[in-house]
Amino acid sequence: MSLVLRIDVDKSYGRATFIQKVASKIAESYWLPSIESLGYLHDLKAFLLFLSEEDIKAHIYFRICSLPPQSWIEGNILEGHKLGLHAEDTRNIDTFKNELDDARKHLNPMNISSFTKHGSGNWKSGRNHYPPYEPDKYLHWAEELEIPFLFGNKEDINEPSASYGEYKHFPGAFWIDRPYTDYSALQQVVNQAKEDDVVVLIHCADFLAIEQVEKGMRQLVSMARQQNVSWITH
Ligand SMILES: [Zn+2]
């Protein structure tokens, strides 16, 4: 069995400096153009570079305010990765479908293979964000709209994945950007990935902004390699 990497692109301008935090906040609350020279998605780019050096493919989830620029869609930076929608306006199936349609239009001809939910119900983040986290509802939508709700937001890797219709759902993940990420927690993740597929969740902004997250990620990658545990996508 294997490790599965999920990347949530929450902050379009990153969060390593005060200016980046402000720019990301403006982008999610109002609107900011996606200008690469001003640092748009620079943190995802840095993280993807690290992944390409390690030959790891991931599931990347974009919010409407953090969609990749046109040059990425035409280029090869996202090649081999699976793209998804990080849904915000989940009030009902229609608001969700509107977001999905917008994301599809933007990413065309690239494919959206699944979706996840932004936020776990505790706070509102951005103008279009509907905070409640309602996984059962999303599982129904997945079948109705024929797009898998692949990963849930629980901070738990012990709950097994479940099949529904022709799709799979992983209710929880190991959140690598949490203070409990120490050597023994990482070893536990690798051990479990020898038995089962285990999802690792990272917010790519934290890879640049928080030293411990970068260290933890690098350490997990090297432990997995030493112990012959591979990374896959679903
Ligand atoms: Zn998010």
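First, the basis. The model is predicted: local features need pLDDT of at least 70, side-chain atom pairs count only at pLDDT 80 or more, and totals for chains, interfaces and linings use all residues. Residue numbers run from 1 along each chain as its sequence is written.

I start with β3. Helices (H or I, at least four residues) and strands (E, at least two) are DSSP runs, numbered from the N terminus. Two strands pair if DSSP finds at least two bridges between them. Strand β3, residues 82–87, pairs with β4, residues 112–117, in the parallel sense over 5 bridges. Within that pairing, Gly84 has Ser114 as its bridge partner, and His86 has Thr116. Strand β2, residues 59–62, is also parallel to β3, joined to it by 4 bridges. There, His59 stands opposite Lys82.

How much of β3 is covered? Of its 6 residues, 5 are buried. Buried means 20 or more other C-beta atoms within 10 Å of the residue's own, exposed means 12 or fewer, and partly exposed is in between, with C-beta atoms placed from the backbone.

β3, helix α4 (residues 93–107) and β4 make a right-handed β-α-β unit. Right-handed here means that, with the strands pointing away from the viewer, the path from the first strand over the helix to the second runs clockwise. The loop between α4 and β4 holds Pro109. A cis peptide bond joins Asn108 to Pro109, with omega at about 10 degrees.

Next, the loop between β4 and α5, where Tyr133 is found. Tyr133 is partly exposed, with 17 other C-beta atoms within 10 Å. Contact means C-beta atoms, placed from the backbone, within 7 Å. Not counting residues up to four places away in sequence, Tyr133 touches Lys117, Gly119, Ser120, Gly121 and Asn153. Tyr133 and Asn122 are 11 residues apart along the chain, and their C-alpha atoms are separated by 8.5 Å.

Now the open sheet. Its 3 strands come in the order β5-β7-β6, with mixed pairing. β5 (151–154) and β6 (162–164) stand at the edges with a single partner strand each, so one side of each has no neighbour in the sheet. Direction ignored, neighbouring strands of this sheet are turned by 25 degrees against each other on average; the axes are lines fitted to C-alpha atoms, for helices over the stretch in contact, and angles run from 0 to 180 degrees between N-to-C directions. β5 and β7 (residues 167–172) run parallel, joined by 2 bridges. Phe151 has Phe170 as its bridge partner in β7.

Two loop residues need a word on phi. Most residues other than glycine have a negative phi, and most peptide bonds are trans. Glu146, in the loop between α5 (135–145) and β5, has a positive phi of about 55 degrees. Asn228 also has a positive phi of about 55 degrees, and lies in the loop between α8 (211–226) and β10 (230–232). Glu146 is exposed, with 10 other C-beta atoms within 10 Å; Asn228 counts as exposed with 8.

Last, the core. A nonpolar core is a set of buried Ala, Val, Leu, Ile, Met, Phe, Trp, Tyr and Cys residues joined through C-beta atoms within 7 Å. Which members of the largest one touch the most others? Among its 58 residues, they are Ile7, Ala173, Phe174, Ile176, Val198, Val199 and Val200. Leaving aside neighbours within four places in sequence, Val198 contacts Leu3, Val4, Ile157, Phe174, Val189, Gln192 and Ala193.

Technical notes
Two residues are in contact if their C-beta atoms, placed from the backbone, lie within 7 Å.
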